[in-house]
Structure formats: structure tokens, C-alpha cells
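Good morning, colleagues. I would ask you to have the sequence and the model open while I speak.

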Amino acid sequence: AYKSVRGSEENPESHSMILVTDNGPDRLVTGGFSYLRSRRSFPDRVILDQDFSLSMAGRVTKEIAIGVSGRHLRRMTNFNEGFKKHNLTFGTLFVPRPFLGLALVFYDLLSDDDLDMIPRVALGSHIILGDLFRIRVDVTRQTKENPDGKATLGAGLEVKSVQGLMVRGGGYWDDYNRKTYWSTGLGWNGPKFNLGYA
């Protein structure tokens, strides 16, 4: 994945990620590894983050799965060593019906006094309507540095077309930062390979 952000000429950002997963409906335990490289430029400095994650998940019952992810964040400022930190994320998925999934995720559980990794809790859902529509909704809230308990709401709709092609649209309402985002995109799902543009 690659993402480029040009909020202003003085503050460009670029993010690139590689994600490898091994999963399937017949597996008891699944896993994944990701590497995210983020470069953010400011008039007086450049921040380079390298974020590594290793994740594992498994079914507890037919309807419930749990997962844990370990994270290692390495930050450099102006290409000098900044810090290295570790953290953990824990989540559970409940699928009471084949068309409905509910998830609860606790991000960055370990204490970080500098708040470079701010703990968050998220409640998410997906609804599959036939083989044509998928709806996703999630609410996320910071558990520190958030005295008013403000949250963000994300919602998206995916419509399946011919030959694995999908049309997507959504919105993101961030009450904490007082920002609203809209998105649209296309996706293609193959047997072992997916492509997306948004």
C-alpha cells in the first residue's frame, strides 16, 4: 500500500506498507506481519517512522475469535535516532450470524508516558447483504488525553460488481480533531491477490 498526503506544501507526508497474512477458513490459528514506513516533513524537521507488527489470531468457539498483535515503533528525527518503543494490541471478533460481525479492539495497551502511542478502544461491525453489499461501521475513542470522551465514527459501503470488481465509498467523522473526510475507491479481489485504489 502507498499513501501520499499533501495537506499543505510545507507539510507533505508519504506512507508505504507491506502486509503479509496467512489465513483461511480451515485454519485454527492465523498470522500476519506488517511493515509501515511513514515520512512527515515540517519546515524545521523531518520525522521518519518505521512500524513493525506481528499478529496472531485464533477461534475460541465457532462464533468468537481473539487476536493479539505486538508492535515495534522506531522513530528518527532529521535522520538521527529518536526512540524505539514496543506495545500490544488485543481484539475479539464475534460473528453471531454469517452476515454480521462485531469487533472490540484495544490498541496500544502498554503505558507510554510520552504518549507517542496513545491507547484507543474501537467497536466495529460489518454487515454483508447477500453477495452484493458490504457495510462497515466503527467508533474509535482515545482513552488518554481525551477528557471530553470525544470519538471518531467511520462508515463505508462496498458494492460488488462483475469479475470481482468493487466500488467503495465512505466517510470519517473525527469529533476529537474536528475534521470530516470523504472517500471513494475501486477494488478487485482475486483468488490470492487483491488490489485497491482510494
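Let me begin with Ser69, which, leaving aside neighbours within four places in sequence, is in contact with Ser53, Leu54, Ser55, Asn87, Leu88 and Thr89. Please keep in mind that this is a predicted model. Ser69 belongs to strand β5, which covers residues 64-77. Is Ser69 buried or exposed? Its relative accessible area is 15%, and because buried means under 20%, Ser69 counts as buried.

Leu88 is placed in strand β6, residues 80-97. Not counting residues up to four places away in sequence, Leu88 touches Val68, Ser69 and Gly70, and also Phe106, Tyr107, Asp108, Leu109 and Leu110. Leu88 and Val68 stand 20 residues apart in sequence, and their C-alpha atoms are 7.1 Å apart in space. With a relative accessibility of 36%, Leu88 is partly exposed, whereas Ser69 is buried.

Ser34 sits in strand β3, residues 29-41. Beyond its neighbours within four places in sequence, its contacts are Ile18, Leu19, Asp51, Phe52 and Ser53.

I turn now to the loops. Which loop holds Phe42? Phe42 is found between β3 and β4, the latter being residues 46-59. Apart from residues up to four places away in sequence, Phe42 touches Glu10, Asn11 and Ile47. Its relative accessibility is 26%, so Phe42 is counted as partly exposed. Phe42 and Lys3 are 39 residues apart along the chain, with 18 Å between their C-alpha atoms.

Gln163 is not a glycine, yet has a positive phi of about 55°. Gln163 lies in the loop joining β10 (151-160) and β11 (165-174), and at 74% relative accessibility it counts as exposed. Arg178, likewise not a glycine, has a positive phi of about 55°. Arg178 is in the loop between β11 and β12, the latter spanning residues 179-189, and its relative accessibility of 68% makes it exposed.

Let me close with the protein as a whole. How many helices and strands does the secondary structure contain? There are 0 helices and 13 strands. The radius of gyration is 18 Å, close to the 16 Å that the globule rule gives for 198 residues, so the protein is as compact as a globular protein of that length. Along the principal axes, its C-alpha atoms fill a box of roughly 50 × 35 × 35 Å.

Buried residues make up 25% of the 198 residues. Of the contacts with a separation of 6 or more, 28% are accounted for by residues 24 or more positions apart. The protein exposes about 13,500 Å², with carbon and sulfur atoms supplying 59% of that area. As for charge, there are 26 positive and 22 negative side chains, and the centres of the two sets lie 5 Å apart.

Conventions:
Residues numbered from 1 in each chain as written. Predicted model: local features only at pLDDT ≥ 70, side-chain atom pairs only at ≥ 80, totals over all residues. Heavy atoms only, no water. Helix = DSSP H or I, 4+ residues; strand = E, 2+ residues; numbered from the N terminus. Contact = heavy atoms within 4.5 Å. Buried < 20%, exposed > 50% of the residue type's maximum accessible area, 1.4 Å probe, protein only. Rg over C-alpha atoms; globule rule 2.2 N^0.38 Å. Areas by Shrake-Rupley, 256 points an atom, 1.4 Å probe, with all protein chains shown as cover. Lys, Arg positive; Asp, Glu negative; His and termini not counted. Charge placed at Lys NZ, Arg CZ, Asp CG, Glu CD.
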